[in-house]
Amino acid sequence: MQTLRELQSRFINYLTEGSAEMGSMIYADSQAEQQLRLDIYKNAYRIRLRQVLETDHEILWAYLGDALFGQMVNGYIASHPSHHTSLRNFCDQLPDYLADTSPFDQHPILAEIATFERLLMDVFDAGEAELTDLSTLRALKPENWPTMRLRFHPSVQLLQADWNSIESWKALKTETDPPAASDAASQHWLLWRDTDRLSQFRPVEADEHALLSLAVSGKEFSALCETLLNWHPVNEASMVALRYITEWLDQGLITKIVSDTENHAPQLV
Amino acid sequence: MVSGVILPVMTYPPLGFGLGLRVPHFEHVLQHKPPVDWFEVLSENYMVAGGKPRYYLNRIREHYPVAMHGVSLSIGSTDPLDFDYLRKLKTLANEVQPAWISDHLCWTSCHNINSHDLLPLPYNEATLKHVAERIRQVQDFLGRRILMENVSSYLTYRASEMTEWEFLTAIAEQADCLILLDINNIYVSACNHGFQPEYYLQHINASRVQQFHLAGHTRQGDFLIDTHDQPVPDPVWALYTQALAQFGPVTTMIERDDNIPAFDELLGELNQARSLVHKPFAKTEQHPESHHADTP
Ligand SMILES: [Fe+2]
């Protein structure tokens, strides 16, 4: 008698590759009945995974249309069987798949739209963290300003879009035709979850993006001001930085403001 | 333990009549606190760091008992037990404090490929030994008895040497776990395999039955498919009535995962279940968390 291992191995191969070895393992009065019974499982497998792609990448589906999306579904399901306990992660490799697989790799905007949709999911179920407000900034002693660092909400994400992917996403979301794909204007985007637990995103200009990237990576206020010298005169840099930080606090992006003295606990002797 | 003495099976106190907690109803439940005794949540949907699902679950938990129902334990798999998954499950259980935790008597993955389906097991001694041992490991890890649910199936393996009810009964005894009896799954499998559903019920050890599931299904040619997208149909109500006659009142919930109607419609269905139960639920003071019956 075959072992449980062999049986499960054949069954999984049947689901993922349609291998024919499965038939001899089950009871059926006829070849036709055998096929009907096995098809129930095979169809359910494909439909379930297809539904995840459709739900998680609804806008990509609208952008591609049914035929190309269907081709993508077949290719992705065949090449990326799920290794996760939750279907939440089934499409994690979709942006890479689109970037590397013909004919989708001819249209880099596709991978970008998929990346954006996955980032929105990350924003949706990122961890919780209590926010801080302007009062912590006001309470900061002047000598602590240069070494001040910001801690961001776990939902905060930055995305660089080389193509007009997010404009296309927005158009399709409101059921209007997307613009022709174009890489004429690269744009940075900020995504986060607001206090009503709604996912938000907005474009950020080059100076704010430079500032955000450094702040998110934990750089000090003095380093933030320094990077702004690429865009602003020296006497305005700290004011511009402060204006952006105030905006971030208002938008619920910041959970903590730490200064150097708090950051490094004194050594115990 | 004194040999020859059969100790009673310790079950969890009953919860009454519940529904599945589903995304479209989050806000309604929180706003209106509908008359539902408890909610069943799909564990995997809440194994995320934060956001709306966790927010609503925490709020709703303040007002209702909750049981955790999983689909990814893959208890019958020949892959090693997924302790990463079990740790997440335990963490969630520590936060949610569920009345109990259930999953399915099936397998879902092999070679680390997850079918995300509840695939049937061949019912024989080798499988019995393999699965019972894994259930015991899971129960030791979680520090509590779990419930194993019978699944719908569409095929019978040549490797099976016993019926599903024999297998389920034996698993529950050997693993010392509890049973979540899905009435719809019994009906669906009975139609697909040509057995009498009453016969299935008669062979289940009542003292291990902790919970019932009710649900709807869909006909596809000669087969019934367990779709959870329809109201509970008459034959399932009839089988539920028989189950109540045999087991007495058992904690019951209605599963609806697709084609989800307004909350009040599900509440109406739940009241139909309520109306079929004429005796009070037996209260029990026993605590299955300490499932070592021989400790004083
Ligand atoms: Fe069920």
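Mentor: We will set values against definitions, pair by pair.

Mentor: This is a predicted model, where local features need pLDDT of at least 70 and side-chain atom pairs count only at pLDDT 80 or more, while totals for chains, interfaces and linings use all residues. Residues are numbered from 1 along each chain as written, chains are lettered from A and ligands numbered from 1 in written order, and side-chain values use heavy atoms, without hydrogens and water.

Trainee: Why are α8(A) and α9(A) called roughly antiparallel?

Mentor: Helix α8 (residues 206-216) of chain A and helix α9 (residues 221-228) of chain A pack at about 155 degrees, axes 9 Å apart. Axes are lines fitted to C-alpha atoms, for helices over the stretch in contact; angles run from 0 to 180 degrees between N-to-C directions. Helices are DSSP runs (H or I, at least four residues), numbered from the N terminus. Angles under 35 degrees count as roughly parallel, over 145 as roughly antiparallel, 65 to 115 as roughly perpendicular, the rest as oblique. Therefore α8(A) and α9(A) are roughly antiparallel.

Trainee: Which residues of α8(A) and α9(A) make the contact?

Mentor: Contact means heavy atoms within 4.5 Å. Among the residues that make it are A:L211 and A:L214 of α8(A), and A:L224 and A:L228 of α9(A).

Trainee: What makes α4(B) oblique to α5(B)?

Mentor: The axes of helix α4 (residues 125-142) of chain B and helix α5 (residues 164-175) of chain B come within 9 Å and cross at roughly 45 degrees. That angle makes α4(B) oblique to α5(B). The residues in contact include B:V131 and B:I135 of α4(B), and B:F167 and B:I171 of α5(B).

Trainee: How do you know that A:D125 and A:R88 form a salt bridge?

Mentor: The rule asks for a side-chain nitrogen of Lys or Arg within 4 Å of a carboxyl oxygen of Asp or Glu. In A:D125 and A:R88, the closest N and O atoms are 2.7 Å apart, so the pair qualifies. A:D125 lies in helix α5 (residues 108-125) of chain A and A:R88 in the loop between α3 (58-79) and α4 (94-100), so the pair ties together parts 37 residues apart in sequence.

Trainee: What makes A:R48 and B:D117 a salt bridge?

Mentor: Their closest N and O atoms are 3.6 Å apart. The count between chain B and chain A is 2 salt bridges. Over all chains it comes to 20.

Trainee: How many residues of chain B are in contact with chain A?

Mentor: 46 residues of chain B are in contact with 42 residues of chain A.

Note on methods
Helices (H or I, at least four residues) and strands (E, at least two) are DSSP runs, numbered from the N terminus.
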